[in-house]
Amino acid sequence: MNRILQAAVQFCYGDLYCRLLPVKKNRILFSSFYGQHYSDGPRAISEHLHEQDPDMEIWWAFREPEGHRLPAYVRAVSMDSPRYFRIKATAKFLVTNVYQQGGYLSGSRLRDSLIRLHLRLENRKKQSVLTTWHGTPLKRMGNDAVGAKQQRFACNQPCYYLVGNAFEESVMLRLTQNKLTPLRFGSP
């Protein structure tokens, strides 16, 4: 699907129509590395959640759903499919290891307006996003990257991310300009 058609489908079906559907309290959508793997922190959380509550509806989003070894209780959905947009719009929680619900504003009025519109439609008020992050904040990211132009960070609330210590927390608060809520529980 070309990018313009994909964006139109996401906007009309995913962002507008699916928002009319009710959020399901027992539905969680997971993804890892932009839908490439069943791995990392989201996998650990989904497995633990299933142990605690086997009736929880656990969905995983994949770029290519075939070929992954998944437990029987995991339901796979292809990213950017109509079903994906419906599941995403009706999930109570979204769990990922790559933060996707935010972005840096560039100063371009049109681009920044589109980013804000997308962020406003990305999550519903009854949904929460948990980012487990992957790796370590010793690498350069966002405004900390060498040669990066300083930009303002925009995001939707409520968004949370897991950190393991005070250093990670201070780095992430600086990178997201205090707009995300850190949860100091460590890595899954």
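**Aromatic rings, a helix and a buried glutamine**

A search of the whole structure, which is a predicted model, finds four aromatic pairs, where rings of Phe, Tyr and Trp (its six-membered ring) pair if their centres lie within 6.5 Å. Trp60 and Phe62 form one that is stacked, at 6.0 Å centre to centre and 20° between the planes, stacked being planes under 30 degrees apart. Trp60 is buried at a relative accessible area of 0%, and Phe62 is likewise buried at 0%, with buried meaning under 20% relative accessible area for a 1.4 Å probe and protein chains only. Phe30, Tyr38, Trp60 and Phe62 make up one aromatic cluster.

Helix α2 covers residues 40-52, helices being DSSP runs of H or I with at least four residues, and strands runs of E with at least two. Its buried residues are Gly41, Pro42, Ile45 and Ser46. They lie on the same side of α2, because they cover an arc of only 130° around the axis, taken from the directions from the helix axis to the C-beta atoms. These buried residues pack against β1, β2, β4, β6 and β8, contact meaning heavy atoms within 4.5 Å.

Gln127 sits in the loop between α4 (109-122) and β6 (128-131), and Gln127 is buried, with a relative accessible area of 1%. A polar atom of the Gln127 side chain lies 2.6 Å from the backbone oxygen of Lys88, and the Gln127 side chain also reaches the backbone oxygen of Ala89 at 3.4 Å; polar contacts are pairs of N or O atoms within 3.5 Å, one able to donate a hydrogen and the other to accept it, and residues adjacent in sequence count only if both atoms are side-chain atoms.

Residues are numbered from 1 along each chain as its sequence is written, and side-chain values use heavy atoms, leaving out hydrogens and water. In this predicted model, local features need pLDDT of at least 70 and side-chain atom pairs count only at pLDDT 80 or more, while totals for chains, interfaces and linings use all residues.

Methods:
Buried < 20%, exposed > 50% of the residue type's maximum accessible area, 1.4 Å probe, protein only. Phe/Tyr/Trp six-rings, centres within 6.5 Å; stacked < 30°, edge-to-face > 60°. Expected span 1.5 Å × (residues − 1).
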